Amino acid sequence: MDTITLRRPDDWHLHLRDGAMLAAVAPDSARDFGRAIIMPNLVPPVVTGAQAAAYRDRIRAAVPAADFAPLMTLYLTEATDPADVVAAHAAGIITAVKLYPAGATTNSASGVRDFDRVRGVLEAMAEAAIPLLVHGEVTDPDIDIFDREAVFIDRVLDPIRRATPGLRVVMEHITTSEAVGYVRADTSGALGATVTVHHLVINRNHILAGGIRPHYYCLPVAKRETHRVALVDAATSGDARFFLGTDSAPHVDAAKETGCGCAGCYTAPVALPILAQVFEDAGALDRLEGFTSLHGPAFYGLAPNEARITLTRAAEPWSPHRKRSTAGGPVTVFDPGFPLHWRTNAPA
Ligand SMILES: NC(=O)N[C@@H](CC(=O)O)C(=O)O
Ligand SMILES: [Zn+2]
Ligand SMILES: [Zn+2]
């Protein structure tokens with residue numbers, strides 16, 4: 001039996017939803033993670049500091065607060081008031097601001113259409129060192145869905161960064177070798193990227209070959225195998241610009257297994273066991289702690305967690321719960337397609 005002990009991980013991209021779904025899923029993240037960047041794409045979205053504070057309090061009420069800290073974000077719209085963003089950050093209510101191109105993903109209808117209209121907010125954020133977190137896909141219907149991330153980098157992200165010197169940016173849930181290359185080529189020190197668990201494990205064949213598998217459908221959609229390999233290489237390289245953001249995104253089965261299914265994979269309950277296997281297979285278990293627990297805090301200017309978590313590898317695989325039950329119906333837990341030998345010490 002092997003064990004590894006890590007500083008308690010953080011999740012730098014997490015969807016906890018609200019209400020009954022929040023109550024059902026928040027404990028899964030709080031068990032293994034010390035902090036999480038909470039995505040603001042509720043319906044309606046979290047757009048003001050006051051709304052972020054209220055949502056933070058609902059999250060705190062849903063989990064035993066002692067060892068889980070929600071780090072809140074605001075959803076950037078063309079009507080966002082720079083002064084509200086700066087004040088919410090100064091008051092410690094928010095950690096970052098999230099940019100969704102309008103229509104790019106789940107609950108993104110209020111996102112940005114005309115990037116010139118958020119220029120003032122972005123400049124205020126650069127000034128106050130507030131990170132911009134980016135869902136990096138163009139929404140132009142003429143652009144093939146598998147190309148939307150790469151095109152976003154050229155058409156949107158790079159121009160925004162050039163126009164806003166000093167702006168700290170996290171490319172969220174990267175899925176392509178182009179994104180890995182863009183981060184690696186950066187010399188500003190102001191660019192990072194989160195990598196999900198599922199994008200380290202699946203490629204587009206998992207979604208489409210041999211039958212359509214809605215629980216592997218997420219956005220950005222998984223790409224071909226060469227891109228998955230590039231992501232594993234980035235995550236296991238020790239490069240501190242890459243860190244874990246699970247993008248754990250629960251939807252009830254009824255919303256996934258339907259004629260027009262929602263995007264999102266629910267990975268929180270199995271994220272660390274899967275990651276340990278990915279890093280072991282890459283011969284990089286010694287770099288797991290950097291990816292899960294050190295690089296993210298460093299980018300955000302925070303100390304790593306003091307608490308530790310132990311992962312144990314047993315010869316016999318264990319079987320995670322396949323469903324998380326919620327008041328709205330069951331949510332399917334992500335299946336990596338390989339046996340899980342690693343397990344966290346926290347109660348399952
Ligand atoms: N990743 C997803 O496929 N879905 C996320 C939204 C997002 O992160 O883009 C969700 O909120 O369900
Ligand atoms: Zn997204
Ligand atoms: Zn997300």
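Reply: Start with residue classes. Ala, Val, Leu, Ile, Met, Phe, Trp, Tyr, Cys and Pro count as nonpolar, Asp, Glu, Lys and Arg as charged, and the others, Gly among them, as polar. By that rule, the shell around ligand 1 has four nonpolar, seven polar and one charged residues. Keep in mind that this is a predicted model.

Me: Which residues are around ligand 1?

Reply: The set is H15, N41, T105, T106, N107, H135, C218, L219, D247, A249, A263 and G264. A residue counts when its C-beta atom lies within 6 Å of the molecule.

Me: Why is N107 called partly exposed and not buried?

Reply: N107 has 18 other C-beta atoms within 10 Å. Buried needs 20 or more, and exposed needs 12 or fewer. The count for N107 falls in between, so N107 is partly exposed. Its place is the loop between β5 and α4.

Me: Why is R17 called buried?

Reply: R17 has 23 other C-beta atoms within 10 Å. The cut-off is 20 or more, so R17 is buried. R17 sits in the loop between β2 and α1.

Me: What makes the phi of R17 worth a remark?

Reply: Phi of R17 is near 60°, a positive value, and R17 is not a glycine. N107 also has a positive phi, of about 55°. Most residues other than glycine have a negative phi.

Me: Why are G136 and V138 called buried?

Reply: G136 has 28 other C-beta atoms within 10 Å. V138 has 20. The rule says 20 or more, so V138 qualifies, and so does G136. G136 lies in the loop between β6 and α5, and V138 lies in that loop too.

Me: What does V138 touch beyond its sequence neighbours?

Reply: Not counting residues up to four places away, V138 touches P101, I143, R148, V151, F152, R155 and V156. For G136, the contacts include E149, F152 and I153.

Me: How do you know that β4 and β5 pair?

Reply: Pairing needs at least two bridges. Strand β4 (residues 69–75) and β5 have four, in the parallel sense, so they pair. Y75 has K98 in β5 as its bridge partner. The chain then goes from β4 through helix α3 (residues 82–90) to β5, in a right-handed β-α-β crossover.

Me: What joins β5 to β6?

Reply: Three bridges do, and the strands run parallel. K98 has L133 in β6 as its bridge partner. With helix α4 (residues 119–128), β5 and β6 make a right-handed β-α-β unit.

Me: Why is β5 called mostly covered?

Reply: Strand β5 (residues 94–99) has six of its six residues buried.

Me: How many bridges link β2 and β3?

Reply: Two, in the parallel sense. The rule asks for at least two, so β2 and β3 pair. L14 stands opposite I38 in β3.

Me: Which residues have the most contacts inside the largest nonpolar core?

Reply: They are L74, V97, L132, V195 and L275, in a core of 98 residues. Helix α10 (residues 271–281) gives the largest share, seven residues.

Me: What is the peptide bond from V43 to P44 called, cis or trans?

Reply: That bond is cis, with omega near -5°. The bond from L219 to P220 is also cis, with omega near -10°. Most peptide bonds are trans.

Conventions. Residues numbered from 1 in each chain as written. Chains lettered and ligands numbered in written order. Predicted model: local features only at pLDDT ≥ 70, side-chain atom pairs only at ≥ 80, totals over all residues. Right-handed = clockwise from strand over helix to strand, strands pointing away. Core = buried A, V, L, I, M, F, W, Y, C linked by C-beta atoms within 7 Å. Contact = placed C-beta atoms within 7 Å.
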